[in-house]
Amino acid sequence: MHKPITRRGFTLLELAVGIAVAGILALVSAGLFKAGIESYNYAYRQTRVIFGACRSFSGSGSRLGIIWMTQTASSVTDLSASALTLISPASTNVTFSALNNGLYRTQNGEQLLQADSVSAAEFRYYNLDTAGRIVVSTSASSAVFVTAKMSMSGIGAKDKTYNFMSGARLLNK
C-alpha cells in the first residue's frame, strides 16, 4: 500500500502566477493613485484661480474688492482702461491696477496685494444718455457704471488663462 504524499508549500508555477497577479494589481493601483493625485492638483489650481477672482471683485476680510469699493464710491477720477481710481466715501483715492502678476489696491500711498495670479485688468466706464440708454462714458464725472475684466492664470505651466468679468454702479448715480 502506498501512502499519499501530503503537499506543503507552492509549486514554482503557482508562485509565478501569484507574483504576476500581484504585479498587475500593483500597476493598476499605482495608475489609479497617480490619476487621483493629478486630478486633485488640477482641482486645487482651478480653485485657487476662482478664489483669486473672488478676492479681486468682492474682497477678502477687511480688504474690500473692486465691486464693493465701486458701489460705495462717489465718482471715478479718470477713464483709464488699465487702472480704476475711485473716490471713496472717506474722500480718498483708491486705485486698483494689475502689476507684476497681481491685482494691487493703492490707498493713502500704501500698495496692498488684493489678489495674485492676475495677469491683466481692463476697466470700462458707462453712463446713461438723455434717452436713458447705456453708452460708453466720455468723461469721468458722468460715469455711472464700471465694468472690470480680470485675466487670471493658474500656477502650473499647463494652466489656462481665464477671464472673469463683473460690474457695479457707483453710489448715488
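A nonpolar surface patch of about 510 Å² is formed by F10, L12, L15 and I19. Patches of this kind gather residues with over 30% relative accessible area and no salt bridge, nonpolar side chains (Val, Leu, Ile, Met, Phe, Trp, Tyr) being joined within 5 Å and like charges within 9 Å. The areas come from the Shrake-Rupley method with a 1.4 Å probe, and for residues only the protein chains shown count as cover. F10 sits in the segment before helix 1 (12-57). With a relative accessible area of 69%, F10 is exposed; the word exposed stands for over 50%, buried for under 20%, and partly exposed for values in between (1.4 Å probe, protein chains only).

The model is a predicted one, so local features need pLDDT of at least 70 and side-chain atom pairs count only at pLDDT 80 or more, while totals for chains, interfaces and linings use all residues. Residues are numbered from 1 along each chain as its sequence is written, and side-chain values use heavy atoms, with hydrogens and water left out. The predictor's confidence in each residue is given as pLDDT, from 0 to 100. The protein averages 86, and 94% of the residues score at least 70. Helices (H or I, at least four residues) and strands (E, at least two) are DSSP runs, numbered from the N terminus.

Within helix 1, Q46, V49, G52, A53, S56 and F57 are buried. Just after the helix, G59 takes a positive phi of about 105 degrees.

Next come the strands, where two strands pair if DSSP finds at least two bridges between them. Five of them make an open sheet in the order 3-4-5-6-7, with antiparallel pairing. Strand 3 (75-76) and strand 7 (110-116) stand at the edges with a single partner strand each, so one side of each has no neighbour in the sheet. Strand 6 (residues 102-107) and strand 7 run antiparallel and are joined by six bridges, with G102 opposite D116.

Strand 10 (residues 145-153) has seven of its nine residues buried, so the rest of the structure largely encloses it. Eight bridges connect strand 10 in antiparallel fashion to strand 8 (residues 118-128), where Y126 stands opposite F145. Nine bridges connect strand 10 to strand 11 (residues 161-169), again antiparallel, and V146 has A168 of strand 11 as its bridge partner.

Finally, four salt bridges are found in the whole structure, each being a side-chain nitrogen of Lys or Arg within 4 Å of a carboxyl oxygen of Asp or Glu. D116 forms one with R48, the closest N and O atoms being 2.8 Å apart. This pair links distant parts of the chain, with D116 in strand 7 and R48 in helix 1, 68 residues apart. D116 also pairs with R55, at 3.2 Å between the closest N and O atoms. R55 lies in helix 1, so this contact ties together parts that are 61 residues apart in sequence. Another salt bridge joins R133 and D129 (3.0 Å, N to O). Salt bridges that share partners join R48, R55 and D116 into one network.
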